[in-house]
Amino acid sequence: MLKVWRTREGEGGRAAGAFQFERLTVKVTRWRVVLGGVAVGAYALGLIAMAPAEIIVAKSSNGERQAVGTVWAGERAMPGGFGASWVVMPLSSVANLSGALRFGLRGPDTDATAQALVRPGRVLVRDLEGTASLRMLNAVAPGLPFACSSVMRLDVAELSLRGTPAGAGTMVSGPADCAPTTGGAATPIPGLNGTVSADGAATTVAFARGDTAAEVMKARVQADGGLTASVEPGGVGLLPGVGAPVSIETSL
């Protein structure tokens, strides 16, 4: 119930312009509540979407900005001259009942795009196409003991990073070399053929030598985001600092 002041007409010219207190009743219905909630939600979503990208990308250790743009459309800088950009896709979000965005990777020997679908318990990458330098691995994981100059050609229809396993596509590179990050001679490596596949337990990305088909590396992503990455026997002696098969477990 709302209360308003209204001007009261005087009688016989007396008390003209005086005010009287009246009650104005507004009927509250379910649909008015729904429409009001939608309006408030849209306004709040608009404020979040237009917020600076820095609210989702932390500053560097020395306080420098690492992102430009907005939450809706922005770009993040990465070491080594690489960068990752994103644009929210509202129609795809509604159609897939997930947060959908188009993202891109750029940098030296790198130019790739893909779509990501995100919802609680589910992260799916689709239509990953383009080229990417393996030096991006050092930008993401600076603790790696080696850096490779290989350039991958990406053609991946889908790749699940969390949720129901899903994978289909290829990642192929030509001959290149890998060198220790601490300095030293580079080791030549043959071209690698990578495949993306899935079974009931995990999504698998595996790389094999192009000349002998011996498996070099493998990564398996479980539904809960758990990651098992390994260097297979075919990669021993091929990657600097790796003298025996090794496996690590972490989570995405």
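Is Glu 75 buried, partly exposed or exposed? Glu 75 is partly exposed, with a relative accessible area of 24%; here buried means under 20% relative accessible area, exposed means over 50%, and partly exposed is what falls in between (1.4 Å probe, protein chains only). The close-ups below show a predicted model, in which local features need pLDDT of at least 70 and side-chain atom pairs count only at pLDDT 80 or more, while totals for chains, interfaces and linings use all residues. Residues are numbered from 1 along each chain as its sequence is written, and side-chain values use heavy atoms, with hydrogens and water left out.

**View 1. Glu 75 and Arg 106 are joined by a salt bridge.** Their side chains meet with N to O at 2.2 Å. The pair links distant parts of the chain, 31 residues apart: Glu 75 sits in strand 4 (residues 73-78) and Arg 106 in strand 6 (residues 99-107). Strands (E, at least two residues) and helices (H or I, at least four) are DSSP runs, numbered from the N terminus. Arg 106 counts as partly exposed, at 40% relative accessibility. A salt bridge here is a side-chain nitrogen of Lys or Arg within 4 Å of a carboxyl oxygen of Asp or Glu, and by this rule the count comes to four.

**View 2. Two further salt bridges involve Asp 211 and Lys 218.** Asp 211 pairs with Arg 209, and their closest N and O atoms are 2.9 Å apart. Asp 211 is partly exposed, with a relative accessible area of 49%. Lys 218 meets Glu 215 at 3.5 Å, N to O. Lys 218 is partly exposed at 27% relative accessibility, and Glu 215 is partly exposed at 33%. As a reminder of the background, side chains of opposite charge can pair when their charged atoms come close.

**View 3. Cys 148 and Cys 178 form a disulfide.** The structure holds one such link, a disulfide being a pair of cysteine sulfur atoms within 2.5 Å. In this pair the sulfur atoms are 1.9 Å apart. The link of Cys 148 and Cys 178 is right-handed, with 105° about the S-S bond. It connects distant parts of the chain, with Cys 148 in strand 9 (residues 146-148) and Cys 178 in strand 12 (residues 176-180), 30 residues apart. Both cysteines are buried.

**View 4. The largest nonpolar core has 31 residues.** Such a core is a set of buried Ala, Val, Leu, Ile, Met, Phe, Trp, Tyr and Cys residues joined through side-chain atoms within 4.5 Å. Which residues have the most contacts inside it? They are Met 152, Leu 154, Met 171 and Leu 239. Several strands each supply at least two residues of this core, including strand 7 (110-119), strand 8 (122-133) and strand 14 (192-198). Strand 10 (151-162) is also among them, and the largest share, four residues, comes from strand 10.

**View 5. Met 50, Trp 72 and Val 87 form a nonpolar patch on the surface.** Together they have about 280 Å² of accessible area, computed by the Shrake-Rupley method with a 1.4 Å probe; for residues, only the protein chains shown count as cover. Patches are made of residues with over 30% relative accessible area and no salt bridge, where nonpolar side chains (Val, Leu, Ile, Met, Phe, Trp, Tyr) are joined within 5 Å and like charges within 9 Å. Val 87 is found in strand 5 (residues 82-88) and is partly exposed, with a relative accessible area of 40%.

**View 6. Strand 17 (residues 226-231) and strand 18 pair in the antiparallel sense.** The pairing runs over six bridges, where two strands pair if DSSP finds at least two bridges between them. Ser 230 has Ser 247, in strand 18, as its bridge partner. Why does strand 18 (residues 246-251) lie largely in the open? Of its six residues, the number buried is zero.

**View 7. Asp 109 and Asp 127 have positive phi values.** Phi is near 55° for Asp 109 and near 55° for Asp 127. Most residues other than glycine have a negative phi. Asp 109 is placed in the loop between strand 6 and strand 7 and counts as exposed at 52% relative accessibility. Asp 127 is in strand 8 and counts as partly exposed at 39%.
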